[in-house]
Amino acid sequence: MAGKGGDQVIVNQGFLEKPKSLLDAIKEIQNMSAMEAETVEGINPMFFSVKDRLDMMVVGMKSSFLSGLIVAMLTPFAIGVVERIIPIFGDKTPTLFDQVYALVLALGFTLGYGFFLATLKSCYVGNISRSMIRNLLGGAALGAMAKALIAVIVFNFLYLYFTAQRIANLVLLLRKLLSQGQLEFLYEKALAFRPVLLISSWFIVLSTLLFIAIPTLAIAATAFKNRKREV
């Protein structure tokens with residue numbers, strides 16, 4: 001294909017490499033974006049096949065689901081620190097630093113991941129690279145929503161299941177190992193931790209919405225700017 005300045009840009013019309021990870025997918029997008037930026041006639045849209053679209057979506061879905069699920073399962077502990085229930089650095093009462101640190105741990109990865117995906121706005125150039133980005137972000141959004149749904153179901157189930165009576169029964173199983181005072185302390189902490197499960201479910205839903213919104217808004221703003229230039 002003819003490129004700018006009379007150069008030749010050669011594109012393999014056979015197939016795209018199947019991305020095995022998020023970084024592989026981003027590499028493919030960057031390569032395609034560079035090719036489209038150098039071509040005048042454009043690349044045949046059929047180059048990005050249905051299989052390629054599905055592969056891109058699956059990579060986005062897996063990456064956001066698996067990593068997000070691990071963070072989601074750790075969220076109650078971070079919220080427990082913020083609520084001054086769990087000491088993170090050994091202090092009996094978590095300090096302000098402990099609370100901020102725990103909140104950053106709970107939210108930092110999700111927001112960082114969202115901003116990382118938002119960097120793809122610089123590759124939003126041609127029809128194929130745009131389609132690749134949309135499929136990757138669509139898969140990431142589906143994976144994030146699935147993660148949030150599972151977390152909400154699990155945390156609400158645990159909240160309903162672990163009633164005060166069930167918590168007391170579990171604590172009493174340790175009566176041969178702990179003193180009466182320690183048993184009472186453990187019961188009070190476990191009972192106070194119970195509402196944290198509900199707070200965590202809402203926290204995960206809100207963080208998931210932020211994760212989806214950050215790259216979506218970045219790409220939408222880039223698309224709007226591109227349309228204004230074309231007009």
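**Burial, bridge, pocket and cavity**

Author: Asp 55 has 12% relative accessibility, so Asp 55 counts as buried. Buried means under 20% relative accessible area, exposed over 50%, and partly exposed in between, with a 1.4 Å probe and protein chains only. This is a predicted model: local features need pLDDT of at least 70, side-chain atom pairs count only at pLDDT 80 or more, and totals for chains, interfaces and linings use all residues. Residues are numbered from 1 along each chain as its sequence is written, and side-chain values use heavy atoms, with hydrogens and water left out.

Reader: Which side chain does Asp 55 meet in a salt bridge?
Author: That of Lys 51, at 2.9 Å, N to O. A salt bridge here is a side-chain nitrogen of Lys or Arg within 4 Å of a carboxyl oxygen of Asp or Glu.

Reader: Is Lys 51 buried or exposed?
Author: Exposed, because its relative accessibility is 51%. Both Asp 55 and Lys 51 lie in helix 2, 4 residues apart, about one turn of the helix.

Reader: How many salt bridges in the whole structure?
Author: The search finds 1.

Reader: OK, the fold. How many helices and strands?
Author: The chain has 6 helices and 0 strands. Along the sequence the pattern reads α-α-α-α-α-α. These are DSSP runs numbered from the N terminus: helices are H or I with at least four residues, strands are E with at least two.

Reader: What share of the residues is buried?
Author: 38% of the 231 residues.

Reader: And the accessible surface of the chain? What does it come to?
Author: About 13700 Å², with 68% belonging to carbon and sulfur atoms. The areas come from the Shrake-Rupley method with a 1.4 Å probe; for residues, only the protein chains shown count as cover.

Reader: Pockets next. What volume does the largest pocket have?
Author: About 220 Å³. On a 1 Å grid over the protein atoms alone, a pocket is an open set of points with protein on both sides within 12 Å along at least five of seven lines, while a cavity is a set where a 1.4 Å probe fits but cannot get out; lining residues have an atom within 4 Å of a point. Points are joined across faces, edges and corners, and the volume is the space filled by probe spheres set on them.

Reader: What lines that pocket, by class?
Author: 9 nonpolar, no polar and 1 charged residues. Among them are Phe 162, Ile 167, Phe 193 and Arg 194. Ala, Val, Leu, Ile, Met, Phe, Trp, Tyr, Cys and Pro count as nonpolar, Asp, Glu, Lys and Arg as charged, and the others, Gly among them, as polar.

Reader: Which helix gives the largest share of the lining?
Author: Helix 6, with 5 residues. Helix 5 (164-172) and helix 6 (180-230) each supply at least two.

Reader: Switching to cavities. How many of 30 Å³ or more?
Author: The search finds 3. The largest cavity holds about 60 Å³. Helix 2 (50-82), helix 3 (96-118) and helix 4 (127-161) each give two or more residues to its lining.

Reader: Which classes line the largest cavity?
Author: 4 nonpolar, 4 polar and 1 charged residues. Ser 64, Tyr 113 and Lys 147 are among them.
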